[in-house]
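Me: I have a model open here and some questions about how it packs. Can we go through it piece by piece?

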Amino acid sequence: MIDVSTPPTPQRNRPILGRRVYRPNTRHVPVLATLVLLIVMYSVGVYNYEGFGDTQVLLNVFVDNAFLLVVAVGMTFVILTGGIDLSVGAVIALTTTVTATLLAAGWPAGVVLPLVLLIGTVMGLGMGAVIHFFKVEPFIATLAGMFLARGLSLLIDRNSIPITNDFWIQMAQKRFRFGEGVFISLNVVIALIVVLIAALVLAWTRFGRNVYAIGGNADSALLMGLPVGRTRIAVYTLSGFCASLGGVLYSFYTSSGYSLHGQGLELDAIAAVVIGGVLLTGGSGYVLGTVLGVLVLGLIQTIITFQGDLNSWWTRIVVGILLFVFIVLQRLVTRKAK
Amino acid sequence: MTTLLRHRLFWPTAVLVVLLASNLVFSNNFFSITLQDGHLYGSLIDILRRSAPLVLVALGMTLVIATGGIDLSVGSVMAISGALACLLIGDLSNPDALGPVLLVVGAAIALCVVFGLWNGFLVAVLGIQPIIATLILMVAGRGVAQLITGGQILNVHSAPYRVIGAGYFLAVPVSFLIAAVAVGLTVALTRRTALGLLLESVGGSPTASRLAGIRARRITIMVYVFAAAFAGVAGLIYSSDVSSADSNAAGNLIELNAILAVVLGGTALTGGRFSIAGSVLGAVIITTLDITAVSVGVPVETTLLFKAVVVIILCLAQSATFRAKVFGRFGTKRVEVPA
């Protein structure tokens with residue numbers, strides 16, 4: 001969806017070949033490779049497992065990973081500037097814990113929802129400020145943020161707290177139906193809106209341009225007079241917001257708040273972003289790629305569920321193997337195309 | 001004084017001193033070291049003993065980070081090496097014989113070297129981004145460890161094996177000696193041979209070093225092998241200390257602690273220059289932090305918060321920009337006051 005919006009690259013004076021071969025823009029190759037491999041993976045699933053081809057199976061990938069999608073979108077912005085945000089999983093835990101605690105204390109949902117979103121955003125803002133003003137490495141600043149958020153949620157409550165608030169349950173049970181047994185949850189709608197806004201912002205706004213410029217070369221961006229500091233802080237703030245929104249979706253999804261929620265989620269989000277073709281060094285990649293990356297992770301989970309007879313350790317090994325196969329294939333495809 | 005202040009190990013050392021001093025406030029005999037049953041005994045010795053695995057992992061991580069990479073799989077490799085060692089020792093007819101146990105240890109480290117080669121292959125030959133390449137083993141590795149132990153916690157009773165993590169040699173903890181030897185070897189290899197220079201050049205720019213005639217690919221593979229081997233030894237120390245192999249607890253989150261240790265020691269994650277002494281110091285700081293949290297009496301729920309606060313202070317203290325901003329402001333105030 002973003003491919004359309006990329007600025008028209010000047011046509012290279014290609015020597016006229018005997019026959020015209022379709023050559024995609026090299027910047028699109030990683031995303032296209034992911035898409036092709038995703039389709040291959042899906043087809044293999046459909047071929048091997050009965051019922052895998054149901055529309056609902058595909059939609060469930062979205063339903064089960066809506067929160068990851070939102071978090072990964074925020075992560076995309078951060079990684080595009082060449083940074084990293086390790087705090088997202090812990091911010092999810094903090095969000096769900098605070099939500100559940102406040103709701104249990106009788107606070108109205110209308111107050112709790114903006115408040116928890118604000119907490120995540122402020123945490124992101126703080127980390128961004130530390131990274132920019134004090135030149136602390138993003139990896140370390142956000143690692144400290146991760147300890148802080150997880151520590152705070154542990155401090156609030158060590159146990160899992162159920163959420164019984166009417167509004168929350170209503171939101172959790174909201175379904176958009178497209179026919180017999182074909183539905184998506186509210187989470188998916190929110191996630192897709194976030195994806196759409198993020199894609200538009202990255203492709204068509206000055207802020208989006210700045211993000212790519214900083215990832216390409218922060219010094220050049222500064223010399224060009226771009227607001228490097230403001231953009232960098234904004235990116236971490238955005239990621240903090242996305243993480244807390246992801247936390248809200250997670251609390252819809254699980255109807256509970258727990259300080260151990262979202263453990264290792266930061267790595268899932270980073271993996272999704274990278275699988276989607278975003279370079280960790282920054283400056284190159286698309287939100288659409290991230291969506292595909294999340295789908296790849298979700299589909300791997302689905303295949304394992306359909307396989308059904310795997311115990312917990314074989315599940316881990318198979319996840320690793322599938323991740324490996326996918327990344328190597330993607331690597332080979334992209335390398336050939338270049 | 002200013003040269004001392006500017007030394008890159010000044011701030012980590014200062015933090016360590018402050019941490020140790022704050023321990024003294026809470027427990028009077030913190031610094032006392034006594035000789036009990038021919039063993040050195042005391043909180044300081046405890047810190048040395050308990051930081052051994054993290055020092056080893058941080059050592060390997062330093063080399064990997066020096067080449068501009070990162071290794072997330074060290075925790076899983078720790079679990080695998082402990083699991084394999086405990087499985088094999090369980091099968092021995094006489095687990096108290098020294099020879100077979102040494103063979104088992106060798107086998108466990110050899111397996112880790114294979115995993116290191118695997119990581120190196122993915123990064124150097126296939127050109128996958130290190131964080132993702134090692135993420136694969138991080139995810140799958142714990143599965144492999146569980147596969148080895150059959151998903152259970154294997155308990156072993158072997159006197160020679162127990163020595164690795166819990167034994168004493170000439171009154172000094174063996175695990176500390178192992179870590180010290182590893183540090184000594186690495187320093188000798190990187191600072192007394194050209195290897196350190198080559199590492200830094202690969203970290204600076206792999207392409208430029210390749211053009212300069214350095215076998216960048218081979219160096220990259222080598223650092224991942226080192227990291228995995230050190231992690232393997234750390235896994236042996238851990239599992240030997242508790243006389244069992246727990247695939248979930250072994251090396252849990254150690255990759256983050258090790259990276260933290262490396263960065264606290266002043267090595268940049270972007271690769272290039274590295275400081276082994278800094279990483280060792282960083283690892284000792286983190287272990288001291290954990291031990292301090294217990295000795296000061298921080299409740300379990302707030303340990304992480306305590307750690308977060310200290311890490312934040314430490315990072316800010318190390319940031320030259322932060323010091324310039326804060327102390328610079330104090331400086332101007334001082335000028336204003338007498339006027």
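Me: At what angle do the axes of helix 3 and helix 11 of chain B cross?

Reply: Some ground rules come before the answer. This is a predicted model, where local features need pLDDT of at least 70, side-chain atom pairs count only at pLDDT 80 or more, and totals for chains, interfaces and linings use all residues. Residues are numbered from 1 along each chain as its sequence is written, while chains are lettered from A and ligands numbered from 1 in the order in which they are written. Helix 3 (residues 43–66) and helix 11 (residues 216–242) of chain B cross at roughly 175°, and their axes come within 8 Å. That makes helix 3 of chain B roughly antiparallel to helix 11 of chain B (over 145 degrees). Axes are lines fitted to C-alpha atoms, for helices over the stretch in contact, and angles run from 0 to 180 degrees between N-to-C directions. Helices are DSSP runs of H or I with at least four residues, and strands are runs of E with at least two, numbered from the N terminus.

Me: What classes of residue make up that contact?

Reply: The contact of helix 3 with helix 11 of chain B has 18 nonpolar, one polar and no charged residues. Nonpolar covers Ala, Val, Leu, Ile, Met, Phe, Trp, Tyr, Cys and Pro; charged covers Asp, Glu, Lys and Arg; the others, Gly among them, are polar.

Me: And what does B:Phe230 touch?

Reply: B:Phe230 touches B:Leu56, B:Val57, B:Leu59, B:Gly60 and B:Ala182, not counting residues up to four places away in sequence. Contact is C-beta atoms, placed from the backbone, within 7 Å.

Me: Switching to helix 4 of chain B: mostly covered or mostly open?

Reply: Mostly covered, with 15 of its 18 residues buried. Buried is 20 or more other C-beta atoms within 10 Å, exposed is 12 or fewer, and partly exposed is in between. Helix 4 (residues 74–91) of chain B reaches 26 Å from its first C-alpha to its last, close to the 26 Å expected at 1.5 Å a residue (1.5 Å times one less than its number of residues).

Me: How many residues of chain A are in contact with chain B?

Reply: 37 residues of chain A are in contact with 34 of chain B. Helix 13 of chain A gives the largest share of chain A's side, 13 residues. By class, that side has 27 nonpolar, four polar and six charged residues.

Me: Last one, where is A:Phe183?

Reply: A:Phe183 is in strand 3 (residues 182–185) of chain A. A:Phe183 is partly exposed, with 17 other C-beta atoms within 10 Å.

How values were computed:
Angles under 35 degrees count as roughly parallel, over 145 as roughly antiparallel, 65 to 115 as roughly perpendicular and the rest as oblique. Two residues are in contact if their C-beta atoms, placed from the backbone, lie within 7 Å.
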